[in-house]
Amino acid sequence: MKKVIVTGAKGFIGRHSLKTLIEKGFEVHAITSSDLPEETYNSIWHQVNLLDTSQIETLMRTVQPTHLLHFAWYAIPGKYWTSEQNFLWVQASIELIRQFRENGGQRVVIAGTCAEYDWKYGYCSELVTPVHPKSPYSVCKRALQEIVNSYSELTGLSSVWGRIFWAYGPHEYPQRLVPFVISSLLQGELANCSHGNQIRDFLYVQDVADAFVAILESEITGPVNIGSGQPMSIKEIVYQIAGTIGKPESICLGAIPASINEPPLLVADVSLLSKNVGWQPQYDLERGLVLTINWWKNHLGI
């Protein structure tokens, strides 16, 4: 029996992985630190504080999982980049992975970030682009990846590090770009944006989750980019949202300043994901945005 523990199972990406894991034949043990959900998604839920070592030990001893999909981290927009919580999550993640292996775990896939890369290169390849994390968040993610890689070499644990680029879709934090623009336009407000010339790599959240599951089932190890590989300017996606809703006149480009640390280009080389894992996205931008807009309409009661 394939048994997988999914941390951050009520989070933005984690929740979208559960149905796919069930379909792939996993017995899914979903972890949350908050209240258990009313909808179980055919998963077995556990309320666990992963910052408590004793609770991690009890969880692993009880479940005896074969696989681990680790999404949980401190991720509050506007705070997570510089929060001291990042350092606590490095500690917790090390203990989580150690206890996982000591209780018979075989393969772990962990959520990393494109912020680990040196952003001046723009086009990011796992095999070529240097890493140069600059924030406490990205430094801690990078440090954990190095530790997990060394631990895996020492113990024989099979591990993968999924570097996420720009995910969007249902349940995203309202303050982030796509939900901010959608909710503003749906509520009859102006969407104040920067110049919008930044080139990014957007991937619908269900595709992001499905990519993680595909990686979990594969034999690849080490870092793997998770993105679309398709460059798109922020103003393109903003106007596509506005066009779908029917309010292009409500987009205000240049109304707010762009961050001085924002790179002009940040796009994933997805060769490893497509060729070595054999995975391709199922949602194009148009379909992903329609689904996201419809979700926000329901969420806002519009």
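Colleague: What span should the 18 residues of α3 have at 1.5 Å a residue, and how far apart are its end C-alpha atoms?

Modeller: This is a predicted model. In it, α3 should span 26 Å at 1.5 Å a residue, and its end C-alpha atoms are 26 Å apart, which agrees.

Colleague: Which residues of α3 are buried?

Modeller: The buried residues of α3 are Asn86, Trp89, Val90, Ala92, Ser93, Glu95, Leu96, Ile97, Gln99 and Phe100.

Colleague: And what do the buried residues of α3 pack against?

Modeller: They pack against the strands β1, β4 and β5 and against the helices α2 and α4.

Colleague: What follows α3?

Modeller: Glycine 104 follows α3, and its phi is positive, near 95°.

Colleague: Is isoleucine 94 buried, partly exposed or exposed?

Modeller: Isoleucine 94 belongs to helix α3, residues 85–102. It counts as partly exposed, at 32% relative accessibility.

Colleague: Which residues does isoleucine 94 touch, leaving out those up to four places away in sequence?

Modeller: Isoleucine 94 touches Leu144 and Ile147.

Colleague: How many bridges join β5 and β7?

Modeller: Strand β5 (residues 107–113) and strand β7 (residues 158–164) pair over 7 bridges, in the parallel sense. Within that pair, valine 109 stands opposite valine 160 of β7.

Colleague: Back to α1: is histidine 16 buried or exposed?

Modeller: Histidine 16, which is in helix α1, counts as buried at 12% relative accessibility.

Colleague: What does histidine 16 touch, apart from residues up to four places away in sequence?

Modeller: Histidine 16 touches Pro170, His171, Val205, Gln206, Ala209 and Asp210.

Colleague: A change of topic: how many disulfides are found in the whole structure?

Modeller: The search finds 0 disulfides.

Colleague: Are cysteine 114 and cysteine 124 buried or exposed?

Modeller: Cysteine 114 counts as buried at 5% relative accessibility, and cysteine 124 is buried with a relative accessible area of 0%.

Colleague: How far does α7 reach from its first C-alpha to its last?

Modeller: Helix α7 (residues 234–245) has 12 residues and reaches 17 Å, close to the 16 Å expected at 1.5 Å a residue.

Colleague: Which residues of α7 are buried, and where do they fall as seen down the axis?

Modeller: The buried residues of α7 are Ile234, Ile237, Val238, Ile241, Ala242 and Ile245. Seen down the axis, they fall within an arc of 140°, so they line one face of the helix. They pack against α5 (177–186), β10 (199–204), β12 (231–233), β13 (251–252) and α9 (285–300). Just after α7, glycine 246 takes a positive phi of about 95°.

Colleague: What is the phi of asparagine 42?

Modeller: Asparagine 42 has a positive phi of about 60°, although it is not a glycine. Asparagine 42 is in the loop between β2 and β3 and counts as exposed, at 65% relative accessibility.

Colleague: And what is the phi of glutamine 64?

Modeller: Phi of glutamine 64 is positive as well, near 55°, and this residue is not a glycine either. Glutamine 64 is in the loop between α2 (53–63) and β4, and it is partly exposed with a relative accessible area of 36%.

Conventions: Residues numbered from 1 in each chain as written. Predicted model: local features only at pLDDT ≥ 70, side-chain atom pairs only at ≥ 80, totals over all residues. Heavy atoms only, no water. Pairing = 2+ DSSP bridges. Helix = DSSP H or I, 4+ residues; strand = E, 2+ residues; numbered from the N terminus. Disulfide = S-S within 2.5 Å. Buried < 20%, exposed > 50% of the residue type's maximum accessible area, 1.4 Å probe, protein only. Expected span 1.5 Å × (residues − 1). Arc of directions from axis to C-beta. Contact = heavy atoms within 4.5 Å.
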